[in-house]
Amino acid sequence: MSNTVSKASQRSLKNTLTEFMEKYKVGAFFQKYTMTIALVVIVIIFNFWQGKEGLILLPSNINSLIADNAYVFVLATGMLLCILTGGNIDLSVGSVACFTAAIGATLMAGGMNVWLAVLIMLLIGLAIGAFQGFWIAKVKVPAFIATLAGMYAFRGFSNVVLKGETARIKDQVFLDVFGTGKTSYIPDVIRDKCPGLANTFSSQNEFMTRLIGEGTIDKFNLTCMLIGIIAVIVFVTLKVRKIMQQKKLGISQSVTGQIISMVLITALILWVSFKLSSYRGFPMVLLWIGLILAIFTYVTEKTAIGRHLYAVGGNEKATALSGVKTHNVYWFAYSVMGFLAGLAGILTAGKAKGIDPTYGVGYEMDAIAACFVGGASAYGGTGKVSGMIIGATLMGVINKGMSIGIISSDKNMLKVVKGLVLMAAVMFDVLSKRQKR
Amino acid sequence: MPKILLEMKNITKEFPGVKALKNVNFQVEEGEIHALVGENGAGKSTLMKVLSGIHPYGSYEGDVIYDGQVCKFTQIKDSEKKGIVIIHQELALIPEMTIGENMYLGNEQGHKFAINWNKTYFEADKYLKMVGLEESSKVQVKNIGTGKQQLVEIAKALAKNARLLILDEPTSSLNEEDSRALLDLMLNFKKQGMTMIIITHKLNEVAYVADKITVLRDGATIETIDNRGAERVSEARIIKGMVGRELTNRFPKREGVKIGDVEMEIKNWTVHHPQYVERKVVDDVSMYVRKGEVVGIYGLMGAGRTELAMSIFGHSYGTNFSGELYLNGKPIKMGKNASDAIKQKIAYVTEDRKGNGLVLSQSVKVNTSLANLQAISNKSVIDADKEYAVAEEYRDKLLIKTPSVEQLVGNLSGGNQQKVLLAKWMFAEPDILMLDEPTRGIDVGAKYEIYCIINELAAAGKCVILISSELPEVLGMSDRIYIMNEAKIIKEMKTEDATQENIMEAILASERKHDNE
């Protein structure tokens, strides 16, 4: 008797659950935000890992998460463009980054002006990208092969330029602007210029001390916090405008969902800026990363060339017959990739205060992994910059977690874990898409 | 009383959100040809997938009774073991392999660890003879035409000891001649006792070959019509069942459209094959089209119609072009890109909408705007509002059935995909539209709507070039007809003078002439 009752209640529970799932599109939600959820879950697990509680979220660790992964964000942005065109990848970026840095270091050692050297590095990157893009777009050499050749050749050129040795960069301006050292932060102009505010944010003010924390209040970076607040204002304005437009046009999208995600992202930005302000302030590399991510989010979502990237990846023949010059699209993707490889070279050299012919090995794979974990399709045509950011962050968090001894203190295990995560991410993607049919 | 070979009883199949089949009942007698017809999305393919085990036992409700036994297939192999073999619409042959290798792929002859090639080719040749192919089974598939490839598919099915053969749109990629040969082959098999199910959109084929016709609509069986009487079932009778109403006129009338001056003219247009450069794919073609006129180009598969259209469209196909192109009487030097043609206000709606026409992984909106992005952007930055408005406008205008314009085109039905493709080119605002097989593989209702769109375009003063291999369509829709064969235009006819018979006659005459040369 009780057995049948419990069975019936089980069934009704199951029914209500399915109803709930269908009503609120739980399945679709999970499918869309799989990697975001995975990221949050992993951060929570790491945060409460026994013996390492709270370590991963220390301001210094968040700071170094950004510093260590700057090159991944920059390269993955370019890689995403290449992948969008049809799953094409660029294997040469690690070598190109090393090569441009080698040239720059040599030029600066010879006394060249820093900014001129930086410009030359970026232009060399762009030229290499355009050159490889030429073979891929016009001559139709498979991208894999063309860039594999580039990977060998530019690794070799780096060796030649550096004569197999490490080149040091001593120029302080370069290190301040592109490095990750103690001085590579946006200076706290506000605290210096506004003594009134500086007084409020000091240990004399009891309320603020309690709010921000005793140890950090006296050097709490006001400029960094302000940048975070401005970023939030810009973000919320854009988002609200978008929602208003959708309303006006009558696009049926869940407004609640968008507002929730807006609030969460706002909270995240504020939280990160708070953490950074409590440490050394706003890192210069974050400025570069943010700039690149913002530009290419715009390019992929708003511009015609961005649209063409998706269209070529989705169906190249149809795109060509729609009057799009498809070879220019490939060329664009690989030129941008080269340019960003140049920037990655600059950031690598800035972080390491010099360049060694072995730097940049495996960078291409980190960038590719970030894109695929972030939901880009291996066949091209789908993938977003925002997804890639999640993917890169996820891989970065795992790196960080392992380096402070979470999961395993064995550094040799790092690549095993990264490999498994990539596998799991892609597997989940494939399986969830299959279910939909 | 003939024996019932297959009975599908009360089959219900649900997908998340939709009931694809609702209590479908379907009976096939031994030794008959049974046609399964219905509009796209009526559930024909789903029903066949249930039968063949692609949708495994347990995922559907109801019973499949075959040869007196309830079947519980969980994979295709299970149904093939029983002699139920499906030949899919898309040819699934590997071009680089020989006919024999293809026929026994997955069913290799000989020892577990060593294929017996002698036996493979001996057996393969035996079955090839049965389907009337003279080729040796050692010929590579890429070296034979599509018609023969379809026959290889059938031979492959026979090699699996088929008792019940299911042909899904077997003639969709064949020309009239090959289609007729294939249908005759089916009738021949029937004499030898084979049971067959044919799925097709071509109703004349159904009337010609089928003993019984089952009509599906919206996932339910509507009726089973007997076609063994003295008089063949009329197409109108079948259509009535398919769409649930009588289509008195398959082609909407175009009235009061004034035909203007010559808009585009080509003279001595010759194009060579891109790989085999000495071969002419378009040979000395001259033709013209006037404002507000619908010009049909009819020809068999491989006659050079698509090649002609694509070569006009910015030299998108072929090499070694020669000939002149005039727009409004002025000679035009056509550039090398589709974009050049679009600038000259020429549009080409491709024949293969999935392969060459649409980006299936993108939304209706993105596809609609793709050919004319500059119209909705400001200095190459896309105006999202304008784009959305344009997509909505065309969705309303062309009655595209989609929950929203943000829906991925890949999720739409064939007819709606075709409308999106049309929307894309109408939005490019061309003066000349070349439509290549605009109604292939879409259902009767959607066809009618597309014909209406063609009429509206003509009424707006556009030139429409309608390329089709369906004769009734060309006859029903065009003002003037060009007939193409072997890369040449062999005849120009006014529609009033044209009949199915004299068009086919013209083609046959040109073939004979060609043979005599």
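Predicted model: local features only at pLDDT ≥ 70, side-chain atom pairs only at ≥ 80, totals over all residues.
Figure 1. Among the contacts in chain A with a separation of 6 or more, 77% join residues 24 or more positions apart. The chain contains 20 helices and 2 strands; its radius of gyration is 24 Å, close to the 22 Å that the globule rule gives for 437 residues, so chain A is as compact as a globular protein of that length. Along the principal axes, its C-alpha atoms fill a box of roughly 90 × 70 × 50 Å, and 41% of the 437 residues count as buried.

**Figure 2. The side of chain A that touches chain B**. Here 23 residues of chain A are in contact with 27 residues of chain B. Helices α12 (222–249), α15 (304–314) and α16 (316–321) of chain A each supply at least two residues of this side, and the largest share, 6 residues, comes from α15(A). By residue class, the side of chain A that touches chain B divides into 9 nonpolar, 10 polar and 4 charged residues.

**Figure 3. The crossing of helices α5 and α6 of chain A**. The axes of α5 (residues 93–109) and α6 (residues 114–137) of chain A come within 9 Å and cross at roughly 150°; since angles over 145 degrees count as roughly antiparallel, α5(A) and α6(A) are therefore roughly antiparallel to each other. The crossing of these two helices is right-handed.

**Figure 4. Residues in the contact of α5(A) with α6(A)**. Helix α5(A) contributes residues including A:V96, A:I103 and A:L107, while those from α6(A) include A:V118, A:M121 and A:I128. The residues of this contact divide into 11 nonpolar, 3 polar and no charged.

Definitions and conventions:
Residues numbered from 1 in each chain as written. Chains lettered and ligands numbered in written order. Helix = DSSP H or I, 4+ residues; strand = E, 2+ residues; numbered from the N terminus. Rg over C-alpha atoms; globule rule 2.2 N^0.38 Å. Buried ≥ 20, exposed ≤ 12 C-beta atoms within 10 Å, placed from the backbone. Contact = placed C-beta atoms within 7 Å. Nonpolar A, V, L, I, M, F, W, Y, C, P; charged D, E, K, R; others polar. Axes fitted to C-alpha atoms, helices over the stretch in contact; angles between N-to-C directions. Parallel < 35°, antiparallel > 145°, perpendicular 65-115°, else oblique. Left-handed = near helix turned anticlockwise from the far one by under 90°.
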